[in-house]
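Subject: Structure for you to look through

Dear colleague,

I am passing on a structure for you to open, and below it I describe what was found. Please keep it in view as you read.

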Amino acid sequence: MSTKILIVRSSSLGDLIFMLPAISDIAKHVPDAQIDWVVEDVFKEIPSWHPAVNKVIPIAHRKWRKAWWSKEARQARREFKQDISQTQYDVVLDMQALMKSVWVVRQTKGKRHGLDWKSAREPLASLFYDVKHKVEFWQPAVTRQRLLASLAFHYTYEGAPDFGLQQFTEGVEIQPYAVIMPSASRDDKLWPEADWHAVFDRLTAEGLRLKLLAGNEREAERARALIANYPNAEVLPRMSLTEVAKVLAPAKIMVGLDSGLTHLSAALGRPTIGIYSASTPVRTPLVGAGFTASLGDRGVPPSRDIVLNKLEQALSA
């Protein structure tokens, strides 16, 4: 008999990447585990990458909340509840601890695990769990998720995190290009153009092509302006997350703002430099098997010299 497990963690991109080592740990320590995962439909590719995930259950909470009481949203929620309540789970593990994830948990059948009052981002969520676990909030996200899973399934995890992304990395030959993520949805995350140009100059001197990522047309316009004088550079078109992973996996190096795609690069084991200015790397540092540098902090972006110094280390690594 398998142990049926439902993981509830619907977003965001970076947080879902942080989840993957916990899934590897569960698969290792609960050998009969059958793991299903509830995730926002826009991110449903991510759980499907992990070989231990049995079923991906998409949810459209982001879409529903725009018109929560509309006929379409109410019908979609009914269908979601009907689908998820058909399975009797041994463990339902809420790894998000938000009221929106609690809404999902309440539709399920099974023993409900989650964070306790002092550990949850939204403490009220803890009131809806059958079993509550204490996980210190100050720890890096990957560590928190691995620890929560270990408490729920009574094992002690060890070793470096395994993101389960071998389908992208096994047998892949490294190519002479760098991936750059210079854009963000918020202006306080941006880094000065002159500093980016210094990074581009060093990468160009290394003989690397530059492939820039952008999340929307506004970001693409900014990226195109950044590389106007760099014939070795291009802004890549919008791609699926799987297509982006296939671009990142063979890259010589990645330099990006604090974003989910930068964390994906690190998870793929590529040398990755992250530039933080609106968030702190204490909670969400880059984690991966390759060289990583999480530079800057909330309100204190890293200097050009610091980034260039780490760039030299990454290139030599």
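Predicted model: local features only at pLDDT ≥ 70, side-chain atom pairs only at ≥ 80, totals over all residues.

Helix α11 itself spans residues 260-267, and eight of its eight residues are buried; among them are Leu 261, His 263 and Ala 267.

On the α1 side the contact is made by Leu 13, Gly 14, Ile 17 and Phe 18, while α11 contributes Gly 260, Leu 261, His 263, Leu 264 and Ala 267. Sorted by class, this contact has six nonpolar residues, three polar ones and no charged ones.

Five of its five residues are buried, so β10 is largely enclosed by the rest of the structure. In a regular strand the side chains alternate between the two faces of the sheet. Here Ile 253, Val 255 and Leu 257 lie on one side of β10, Met 254 and Gly 256 lie on the other, and both faces are covered.

Which strands pair with β10? Strand β7 (residues 177-181) runs parallel to β10 and is joined to it by four bridges, with Ile 180 opposite Val 255. Strand β11 (residues 272-276) also pairs with β10 in the parallel sense, over four bridges, and there Gly 274 is the bridge partner of Gly 256.

Best wishes

Note on methods:
Residues numbered from 1 in each chain as written. Heavy atoms only, no water. Buried < 20%, exposed > 50% of the residue type's maximum accessible area, 1.4 Å probe, protein only. Helix = DSSP H or I, 4+ residues; strand = E, 2+ residues; numbered from the N terminus. Contact = heavy atoms within 4.5 Å. Nonpolar A, V, L, I, M, F, W, Y, C, P; charged D, E, K, R; others polar. Pairing = 2+ DSSP bridges.
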